[in-house]
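The entries below are in the order in which I looked things up.

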Amino acid sequence: MSLIIKAAIAWAPERPFTIETCELADPGPGEALVRIAACGICHTDLAVKQQHVPIPLPMVLGHEGAGVIERLGPDMDGFAIGDHVVLSFAACGACPDCHDGHPAFCDQFLPLNLAGAREGGSGITHGGAPLNGHFFAQSAFASHALAARSNMVKVDKDLPLALLAPLGCGIQTGMGTVLNSLRPAAGESLAVFGAGSVGLAGVIAGVIAGCSSIIAVDVKPERLALARAVGATHVVDGARGDAVEAIRAVTGGRGAHCSFDTTGVPPVAAQAFRCLRKRGRSAYVAAPPAGTVYGVDAYDLLNSGGSIRGVIEGDAVPAEFIPEMVAHFRAGRLPLEKLVSPYPFARINDAVRDTESGAALKAVLVME
Ligand SMILES: NC(=O)c1ccc[n+]([C@@H]2O[C@H](COP(=O)([O-])OP(=O)(O)OC[C@H]3O[C@@H](n4cnc5c(N)ncnc54)[C@H](O)[C@@H]3O)[C@@H](O)[C@H]2O)c1
Ligand SMILES: [Zn+2]
Ligand SMILES: [Zn+2]
């Protein structure tokens, strides 16, 4: 028996989202119907709406959902109606990278998440016409979503779902890139380029890892102030002088052990490599327009022994990493309340505008 729901439809790049009455199918095997309490907005949602990622519209987006299980399909042992869940990305569970514990590099990552592949279609219809959806196995810009067992992570019922929602993508990406990929040892230095939600989650992870110097680079003074508030030991305004020199100056002239680019701006990404000390590690997570090329001098690469790594979703296993982040939140080490700006679902277009302008660091739509 399908359910009548409210969902925000992305129609076309220049058209605002409209919240419409839609129908959602019953959960199939390995799925649950989740009443969405809140959903963060990530730049990937906007990239699809803008058609920088060409997935056919109209579509229901949203991939940082959190909510409460209302119905369970078959084969859902371990989950119960009423469970609170944070929704993350889906993976096949069967390919070599899933087996090795790296589901963000699953063979099926693009079809399962970007294209929303699901047996029988997205499960969402509008006036009887099928809509694209099941984005990241959720499409959570909606009152309800069908989620897959591989992307649902249970959380305690006393936790605020509106703060936890962005753990599913943006915060996981920032914290996971530092804690799972760069893995700074206590006392090492970390430079973070771009102090948005992903970069600041990286700064917070640097504090947790015990980094001695955490240098945040941005071009917006308010973002640099927030970086300091969440634990950056130094901030650099990239618009006023050479960030590489500034980073060398605070790391005894040698450069940073680790660096993290979240800007996707090629000259900045190049600085994220050049600011490293010998054998330093750099990680890149931004999603710039297709065709973007980052440059590195061949001899800098050779002589430095440095490493360069692209990272999706913090190379995390959500079922393990989301509980880890929740434990940091409970212990006061992950101040999500400093990053999140809540918006009522009805104000989705204001939240999108503020995400695009940078006025909101991490806008979260609150459904109820
Ligand atoms: N790899 C993944 O799995 C994954 C997951 C989530 C998000 N992302 C991507 O990560 C990126 C960052 O996401 P976000 O939410 O933090 O975005 P954001 O826009 O909030 O943050 C980017 C920051 O970079 C700063 N910046 C821009 N130009 C700069 C420059 N020249 N020098 C220094 N700083 C500059 C901006 O002021 C901003 O604060 C986006 O591209 C997003 O699509 C990737
Ligand atoms: Zn995302
Ligand atoms: Zn896989």
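**Notebook: sheets, metals, rings, backbone**

I began with an open sheet of 4 strands, in the order β1-β2-β6-β7 and with antiparallel pairing. I note that β1 and β7 are at the edges with a single partner strand each, so one side of each has no neighbour in the sheet. Two strands pair here if DSSP finds at least two bridges between them. Helices (H or I, at least four residues) and strands (E, at least two) are DSSP runs, numbered from the N terminus.

For the record, this is a predicted model, in which local features need pLDDT of at least 70 and side-chain atom pairs count only at pLDDT 80 or more, while totals for chains, interfaces and linings use all residues. Residues are numbered from 1 along each chain as its sequence is written, chains are lettered from A and ligands numbered from 1 in the order in which they are written, and side-chain values use heavy atoms, with hydrogens and water left out.

**Parallel sheet**

I found an open sheet of 6 strands with parallel pairing, in the order β12-β11-β10-β13-β14-β15. Its edge strands are β12 (234-237) and β15 (307-310), each of which pairs on one side only. On average, neighbouring strands of this sheet are turned by 15° against each other, direction ignored. Axes are lines fitted to C-alpha atoms, for helices over the stretch in contact, and angles run from 0 to 180 degrees between N-to-C directions.

I looked at what packs on this sheet. Helix α5 (residues 170-182) touches β10 (189-193), β13 (256-261), β14 (276-284) and β15, and its direction makes about 145° with that of β13. Contact means heavy atoms within 4.5 Å. Helix α7 (residues 221-229) lies across β11 and β12 and runs at about 170° to β12. Strand β11 (residues 213-218) pairs with β12 in the parallel sense over 4 bridges, and I215 stands opposite H234 in β12.

**Zinc sites**

Which atoms coordinate the zinc ion (ligand 3)? I list C92 (SG), C95 (SG), C98 (SG) and C106 (SG), at 2.3 to 2.4 Å. Donors are N, O and S atoms within 2.8 Å of the metal (3.2 Å for Na, K and Ca); water is not among the atoms, so sites may look incomplete. Along the chain the donors of ligand 3 follow the spacing C-x2-C-x2-C-x7-C. The 4 donor atoms subtend angles of 101 to 119° around this zinc ion, which makes the arrangement tetrahedral. Four donors count as tetrahedral if all angles lie between 85 and 135 degrees. C98 is buried at 14% relative accessible area, and C106 is buried at 6%. Buried means under 20% relative accessible area, exposed over 50%, partly exposed in between (1.4 Å probe, protein chains only).

The zinc ion (ligand 2) is coordinated by C42 (SG), H63 (NE2) and C169 (SG), at 2.0 to 2.3 Å. C42 lies in the loop between β3 (31-40) and α1 (43-49) and C169 in the loop between α4 (161-164) and α5, so the pair ties together parts that are 127 residues apart in sequence. I find C42 buried at 10% and C169 buried at 7%.

**Aromatic pairs**

My search of the whole structure gave 5 aromatic pairs. One of them, F17 with F141, is edge-to-face, at 5.9 Å centre to centre and 85° between the planes. Rings of Phe, Tyr and Trp (its six-membered ring) pair if their centres lie within 6.5 Å; planes under 30 degrees apart count as stacked, over 60 as edge-to-face and the rest as tilted. F17 is buried at 4%, and F141 is buried at 0%.

**Backbone**

Most residues other than glycine have a negative phi, and most peptide bonds are trans. I logged a cis peptide bond between L57 and P58, with omega about 0°. P58 is in the loop between α1 and β4 (65-72). Q51, in the loop between α1 and β4, has a positive phi near 70° and is partly exposed at 30%. D75 has a positive phi of about 60° and is exposed at 55%.

Definitions and conventions. Tetrahedral: all angles 85-135°; square planar, octahedral: opposite > 155°, others 65-115°.
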